[in-house]
Amino acid sequence: MSSLKDTKKKLREEYRRRRNSFVGQLDGASRNLSFRRPPSPLARLFHQGQSVALYRSIGSEAPTERLIEYLTEIGVNIALPRVRDDGSLEFRLLSNLELLESGFRDIPEPGETCELTDPDVIIAPLVAFDRSMRRLGQGGGYYDRSFAKYPDVPRIGLAWSVQEADEIPVEPHDLPLHMIVTECEIIE
């Protein structure tokens with residue numbers, strides 16, 4: 001394993017621990033209120049009828065349930081990722097959370113009956129980030145490949161503030177985000 005891969009692996013372990021510890025100390029009400037409504041700079045990106053790719057949060061990830069509810073209320077089409085056999089993500093429209101099924105690594109994802117779409121905005125999970133808009137993901141490169149496939153689509157990261165690192169090491173395929181939203185601030 002290269003030293004860069006080792007460094008990323010260690011960062012993932014450290015920032016997952018930080019995130020888990022932080023979220024473990026939050027009461028249910030505080031967690032549910034976080035990320036409930038998008039701040040103005042993010043809200044300006046959403047328009048009725050467009051497709052916004054989100055993730056279904058699991059564990060201690062920044063929660064998306066309330067954001068999904070808000071976007072649905074304003075007429076935005078919600079698209080969730082589905083992992084394809086070739087290791088890429090496809091985004092499928094989701095009209096009902098009951099259409100989710102257990103997918104890759106038991107993560108809930110839309111079934112094949114859900115319509116494919118090209119997203120107008122991509123909101124991605126992350127393990128860590130820095131002020132240069134670099135994102136450290138889970139390590140599979142799924143979102144990096146999607147970012148490359150849709151280079152002109154705004155790339156937004158959702159994270160808890162404790163996931164901020166001084167510097168995220170990058171490889172040539174790592175594309176920066178356009179915006180990062182935490183429970184405390186917006187970084188652009």
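Which residues does T64 touch, not counting residues up to four places away in sequence? T64 touches L54, Y55, R56, S57 and L158, where contact means heavy atoms within 4.5 Å.

## Basis of the model

The structure is a predicted model, in which local features need pLDDT of at least 70 and side-chain atom pairs count only at pLDDT 80 or more, while totals for chains, interfaces and linings use all residues. Residues are numbered from 1 along each chain as its sequence is written, and side-chain values use heavy atoms, with hydrogens and water left out.

## Overall form

The chain holds 5 helices and 12 strands; these elements are DSSP runs numbered from the N terminus, with helices (H or I) of at least four residues and strands (E) of at least two. Its radius of gyration is 16 Å, close to the 16 Å that the globule rule gives for 188 residues, so the chain is as compact as a globular protein of that length. The radius is taken over C-alpha atoms, and the globule rule is 2.2 Å times the number of residues to the power 0.38. Along its principal axes, the C-alpha trace spans about 45 × 40 × 30 Å.

Of the 188 residues in the chain, 47% are buried. Buried means under 20% relative accessible area, exposed means over 50%, and partly exposed lies in between (1.4 Å probe, protein chains only). Among contacts with a separation of 6 or more, 69% join residues 24 or more positions apart.

## Surface and charge

The accessible surface of the chain comes to about 9,700 Å², and carbon and sulfur atoms account for 46% of that surface. Accessible areas come from the Shrake-Rupley method with a 1.4 Å probe; for residues, only the protein chains shown count as cover.

The chain has 25 positive and 30 negative charges, and their mean positions are 3 Å apart. Lys and Arg count as positive and Asp and Glu as negative, while His and the chain ends are not counted. The place of a charge is taken as NZ of Lys, CZ of Arg, CG of Asp or CD of Glu.

Helix 1 covers residues 3–25, and at 1.5 Å a residue its 23 residues should span 33 Å; the end C-alpha atoms are 33 Å apart, which agrees. The expected span is 1.5 Å times one less than the number of residues. The buried residues of helix 1 are K8, L11, R12, Y15, R19 and V23. An α-helix has 3.6 residues a turn, so residues three or four places apart point the same way.

In helix 5 (residues 142–149), the buried residues are Y142, Y143, D144, S146 and F147. Their cover includes strand 2 (77–83), strand 3 (89–93), strand 7 (121–124), strand 9 and strand 10 (155–158).

T64 lies in the loop between strand 1 (51–53) and helix 4 (65–73), and T64 is buried, with a relative accessible area of 0%. T64 and F35 are 29 residues apart in sequence, with their C-alpha atoms 7.0 Å apart.

A62 is found in the loop between strand 1 and helix 4 and counts as buried at 2% relative accessibility. Leaving aside neighbours within four places in sequence, A62 is in contact with F35, Y55, S57, L158, A159 and W160.

F129, in strand 8, counts as buried at 0% relative accessibility. Beyond its neighbours within four places in sequence, F129 has contacts including R134, W160, A165, I168 and I180. F129 and A165 are 36 residues apart in sequence, and 5.8 Å separates their C-alpha atoms.

M133 is found in the loop between strand 8 (128–129) and strand 9 (135–136). M133 has a positive phi of about 75° although it is not a glycine, and at 8% relative accessibility M133 counts as buried.
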